[in-house]
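Here are my notes for you to read with the model open beside them. Take the points in order and find each residue as you go.

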Amino acid sequence: MNGDGGALAIVLTGGGARAAYQVGVLRGVARRLPTTKLDIITGVSAGAINAMFLASRQGPLETVVEELSRVWGALRSAH
């Protein structure tokens with residue numbers, strides 16, 4: 001639950017490169033709102049990869065997003 005008592009959900013869309021873009025947006029959210037807790041996380045296609053990553057990690061959102069950023073940064077087209 002978040003500060004107002006409601007659940008916070010995030011929906012991550014599919015579309016290949018959008019998943020890498022999502023990491024940038026998540027980075028901004030995590031830096032601006034470091035205590036944010038995502039109660040519901042869902043995604044489709046490439047967004048589901050990010051959703052699974054976020055849901056499977058514990059710790060501050062900023063730390064998790066930075067780890068996800070490193071994963072995307074290490075990917076090459078040959079992968």
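**Notes on how the helices pack**

1. Start with the contact between helix 1 and helix 3: A19, A20, V23, L26, R27, V29, A30 and R31 on the helix 1 side meet L61, E62, V65, E66, L68, S69 and W72 on the helix 3 side. Contact here means heavy atoms within 4.5 Å. Helices are DSSP runs of H or I with at least four residues, strands are runs of E with at least two, and both are numbered from the N terminus. Sorted by type, the residues of this contact are 10 nonpolar, one polar and four charged. For that sorting, Ala, Val, Leu, Ile, Met, Phe, Trp, Tyr, Cys and Pro are nonpolar, Asp, Glu, Lys and Arg are charged, and the others, Gly among them, are polar.

2. Before going on, a word on what you are looking at. This is a predicted model, where local features need pLDDT of at least 70 and side-chain atom pairs count only at pLDDT 80 or more, while totals for chains, interfaces and linings use all residues. Residues are numbered from 1 along each chain as its sequence is written, and side-chain values use heavy atoms, with hydrogens and water left out.

3. How do helix 1 and helix 3 pack? Their axes are 9 Å apart, at an angle of about 155°, which makes helix 1 roughly antiparallel to helix 3. The axes are lines fitted to C-alpha atoms, for helices over the stretch in contact, and the angles run from 0 to 180 degrees between N-to-C directions. Angles under 35 degrees count as roughly parallel, over 145 as roughly antiparallel, 65 to 115 as roughly perpendicular, and the rest as oblique. The crossing of helix 1 and helix 3 is left-handed; that term applies if the near helix is turned anticlockwise from the far one by less than a right angle, and right-handed applies if clockwise.

4. Now look at A30, which sits in helix 1 (residues 17-32). Is A30 buried or exposed? Its relative accessible area is 0%, so A30 is buried. Buried means under 20% relative accessible area, exposed over 50%, and partly exposed in between, with a 1.4 Å probe and protein chains only. Apart from neighbours within four places in sequence, A30 is in contact with L61 and E62. A30 and T63 are 33 residues apart in sequence, yet their C-alpha atoms are 8.6 Å apart in space.

5. Over to helix 3. Its 14 residues should span 20 Å at 1.5 Å a residue, and the end C-alpha atoms are 20 Å apart, which agrees. The expected span is 1.5 Å times one less than the number of residues. Which residues of helix 3 are buried? They are L61, V64, V65, E66, L68 and S69, and these buried residues pack against helix 1 and helix 2.

6. Two of those deserve a click. L68 counts as buried at 2% relative accessibility. Leaving out neighbours within four places in sequence, L68 is in contact with V23, N50, F53 and L54. L68 and V23 are 45 residues apart in sequence and 7.2 Å apart in space, C-alpha to C-alpha. S69 is buried too, with a relative accessible area of 16%, and S69 touches V23 and R27, not counting residues up to four places away in sequence.

7. Next, helix 2 (residues 46-56) and helix 3 (residues 61-74): their axes come within 10 Å and cross at roughly 140°. That makes helix 2 oblique to helix 3, and the crossing is right-handed. N50, F53 and L54 of helix 2 make this contact with L61, V64, V65, E67, L68, V71 and W72 of helix 3. Eight of the contact residues are nonpolar, one is polar and one is charged.

8. The remaining pair on my list is helix 1 and helix 2, whose axes come within 8 Å and cross at roughly 40°. Helix 1 and helix 2 are therefore oblique to each other. A19, Q22, V23 and L26 in helix 1 meet A46, G47, N50 and L54 in helix 2.

9. Finally, check S45, in the loop between strand 2 (40-43) and helix 2. S45 has a phi near 55°, a positive value in a residue other than glycine. With a relative accessible area of 52%, S45 is exposed.
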